[in-house]
Amino acid sequence: MAAELTAGAIPPEGQGDFFLCDIFGAIPKNDLASMEHPLFSLGTRPDRRILSYQHNGAEITVTPSVKGLATIHDKDILIFCISQLMAALNAGRQVSRTLHLKAHDLLVACNRETSGDAYRRLREAFERLAGTRITTNIVTGGQEVTTGFGLIEKWEIVRKARGGKMVSVAVTLSDWLYRAVLSKSVLTLSRDYFRLRKPLERRIYELARKHCGRQNSWQVSVETLLKKSGSASPRRVFRKMIRDMIEAQPLPDYALEELEGDVIRFSQKAAVTEAVLNAPSLKPATLEEARALIPGADAYALEAEWRAMWVRTGSPRLRMPDAAFLGWVRKRAAE
């Protein structure tokens, strides 16, 4: 059973020793380690710097290939793979470190266009992910091991269309990332994450999601935020970009504000906070039934969406909240 997998365990393999990505609408998931630490370039041009980062005992060196460092937009591929694996584990399905996926499904799930140029950029992303090498002692799955690895071990185009466009791709994740998935060291992302086009907005959302979580707020100095973001900008430029974000408020779920002392505070946006604090509680058995209605779905993410909807509709009094929630889930399953 998926729940019995431990950090060092060998998972049950799927047919042919690979896992087929075929779960439509899997809830977006991201691994905790890469949300906490800067592993990806925020640049939009080839970035061939060697990145070194140390914080609270974590040491990371990220070395690019001739193609440059993997970017935060390249990370969409990993998020898609993690999301598919987690949905399968939650549904009790067998998984594997090697995944077969349809390029079109990946592009659609990550809110990307499906033009010929998009497929070309996708191939370049695979090359950067495989070429970028990481040396770190970050703990994943309860193990601290100093090791070097690529973000993905390998990839290959399994099938092409007549015009040469990739159709099906096989991706083998690194042991390090796969161990994080098996130990469920992941967090759910807002689907609107993929609507964030600016690299820094995506990185700041990751940090807010990781550190704020279900707390009402999280405060951090601009200096620490700059370090954890991985931005190559000088502090004054970075501060200006954060102030622009404060004015625009582009992040899903989280609001930013500047405090005295060069400190930034992230707060849950009102609807989310109110939903978490005041929505009717649900029984554990109700969440299990929701999982059965939408196999592979994250029941807690469904609960959060339902609570937010409950707030948007005026927080009506519910005599039977469990029945109301399951009715909403059934409508979602029928969509």
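Lysine 184 is partly exposed, with a relative accessible area of 38%; here buried means under 20% relative accessible area, exposed over 50% and partly exposed in between, for a 1.4 Å probe and protein chains only. The model is predicted, so local features need pLDDT of at least 70 and side-chain atom pairs count only at pLDDT 80 or more, while totals for chains, interfaces and linings use all residues. Residues are numbered from 1 along each chain as its sequence is written, and side-chain values use heavy atoms, with hydrogens and water left out.

Lysine 184 is found in the loop between α5 and β12 (186–188); helices (H or I, at least four residues) and strands (E, at least two) are DSSP runs, numbered from the N terminus. The phi of lysine 184 is near 60°, a positive value in a residue other than glycine. Most residues other than glycine have a negative phi. Glutamine 249, in the loop between α8 and β14 (254–259), likewise has a positive phi, near 50°. With a relative accessible area of 27%, glutamine 249 is partly exposed.

Helix α5 (residues 175–182) is largely enclosed by the rest of the structure, because seven of its eight residues are buried. The buried residues of α5 include Trp176, Tyr178 and Arg179.

Serine 229 belongs to helix α7 (residues 222–229) and counts as buried at 0% relative accessibility. A polar atom of the side chain of serine 229 lies 3.1 Å from the backbone nitrogen of serine 231. Neighbours within four places in sequence aside, serine 229 is in contact (heavy atoms within 4.5 Å) with Pro38, Leu42, Leu200, Arg203, Ile204, Leu207 and Phe238.

The axes of α7 and helix α8 (residues 235–248) come within 10 Å and cross at roughly 95°; axes are lines fitted to C-alpha atoms, for helices over the stretch in contact, and angles run from 0 to 180 degrees between N-to-C directions. Helix α7 is therefore roughly perpendicular to α8, a term for angles of 65 to 115 degrees. Val222, Glu223, Leu225, Leu226 and Ser229 in α7 meet Arg235, Phe238, Arg239 and Ile242 in α8. By class, this contact has five nonpolar, one polar and three charged residues; Ala, Val, Leu, Ile, Met, Phe, Trp, Tyr, Cys and Pro count as nonpolar, Asp, Glu, Lys and Arg as charged, and the others, Gly among them, as polar.

The protein chain as a whole has twelve helices and 15 strands. Of its 335 residues, 51% count as buried.

How values were computed
Polar contact = N/O pair within 3.5 Å; in protein donor to acceptor, adjacent residues only side chain to side chain. Parallel < 35°, antiparallel > 145°, perpendicular 65-115°, else oblique.
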